[in-house]
Amino acid sequence: MKTFNVGALRQAIGKLRLQDSNDLVQRTLARHGLSLPGQQAGFQPPFAAPAADPVPPGASAGTGRFSCAAGSRDYLAYVPASAEGGIRGMVVMLHGCTQDPADFARGTGMNALAEEHRLVVLYPHQSRGENAQSCWNWFSAGDQRRGRGEPEILARMAADLAGRHDVPRDRIFVAGLSAGAAMAVILGQTHPDVFAAVGAHSGLPFGAARDVPSAFAAMNGQGAEPLAPGKAAPTPTIVFHGSADRTVHPLNGDRIAAATLAAGPVQTMLDRKTGTAGARRFTREITTLPDGRVLLEHWRIEGLGHAWSGGKPGGSHADPQGPDASAAMLRFFLDQPRAAG
């Protein structure tokens with residue numbers, strides 16, 4: 001007769017259940033782009049950015065790595081051939097989850113617009129070593145403050161590249177998609193001295209989450225209200241969000257807009273327009289300050305899912321059936337008044 005160690009069997013079953021539970025949690029987090037550094041095992045390939053599109057003669061698209069006390073990130077930088085006529089500004093483009101700089105450049109078509117407007121475009125790269133799904137860690141409490149984490153890395157990277165290309169310091173802008181949009185909003189809050197305006201496509205408001213559970217709630221349009229902006233004046237912001245977004249609830253676009261307005265003066269003027277671009281109907285609200293400056297431009301796109309409006313073929317999370325978010329953002333950015341002095 002054999003004797004079974006019931007205690008050992010129970011312990012083994014418990015370990016299996018715990019492992020299954022952990023695996024389930026990790027799979028769920030990964031689907032939502034909420035895995036933290038170190039949660040994905042295995043070899044992480046080094047950053048390699050193929051050309052997003054054919055590079056015109058005289059233009060350059062090169063990779064590099066920026067390091068500062070807060071950390072390091074790789075990047076792709078596009079300098080247009082039209083730079084010979086003088087650089088007008090720079091746009092920092094923050095990709096969404098599962099994307100990389102070349103993919104994001106291809107899907108947004110930003111490099112072609114950079115040629116037209118004489119803009120440098122900086123595409124920081126979030127590696128899988130920093131987030132299992134290559135998402136910016138917008139939901140991490142350590143990445144929502146000035147002087148530390150990803151906001152500090154990205155702001156210093158932008159300022160460094162701007163200095164090397166003689167970009168006017170009041171002409172540095174930041175835009176992003178999804179997690180990249182959430183980080184762009186954070187940068188507008190933490191570094192308004194660096195970024196003159198923010199573009200948020202399918203993103204989330206500042207302080208929407210402080211950990212993974214609150215991130216799930218925020219993405220579903222639930223949970224507590226986001227933190228109120230703490231700075232004296234809001235950073236001008238343009239918001240795009242689709243009504244059919246099932247990844248980041250459209251309520252988040254409304255909350256980004258509301259937070260921007262809440263940080264501004266009481267008296268503003270609202271202009272509301274509706275129209276159709278391609279197969280998509282849209283509502284566009286423009287909020288102007290008493291001195292004529294545009295504080296907020298808010299686009300709601302009917303039927304658009306979790307994708308860049310007016311996106312280009314060949315890029316992921318890009319929807320060509322709608323208004324061109326890239327063109328609208330650049331117009332909004334370049335229409336911002338220059339700093340005095």
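Which residues lie nearest the centre of the largest pocket? Select Pro 192, Ala 196, Pro 234, Pro 236 and Arg 293, which hold that place in a lining of 22 residues. A pocket here is an open set of points on a 1 Å grid over the protein atoms alone, where a 1.4 Å probe fits, with protein on both sides within 12 Å along at least five of seven lines; lining residues have an atom within 4 Å of a point.

You are looking at a predicted model: local features need pLDDT of at least 70, side-chain atom pairs count only at pLDDT 80 or more, and totals for chains, interfaces and linings use all residues. Residues are numbered from 1 along each chain as its sequence is written, and side-chain values use heavy atoms, with hydrogens and water left out.

Now colour the pocket lining by type: 13 residues are nonpolar, 2 polar and 7 charged.

Next, show the sulfur atoms of Cys 97 and Cys 135, which sit 2.0 Å apart and form a disulfide (cysteine sulfur atoms within 2.5 Å). The torsion about their S-S bond is about 130 degrees, so this disulfide is right-handed. Cys 97 is in the loop between β3 (89–94) and α2 (101–108), and Cys 135 in the loop between β4 (119–125) and α4, so the pair ties together parts 38 residues apart in sequence.

Finally, select residues 149–164 and 179–190, helices α4 and α5 (DSSP runs of H or I, at least four residues; strands are runs of E, at least two). Their axes come within 10 Å and cross at roughly 75 degrees.

Notes. Nonpolar A, V, L, I, M, F, W, Y, C, P; charged D, E, K, R; others polar. Axes fitted to C-alpha atoms, helices over the stretch in contact; angles between N-to-C directions.
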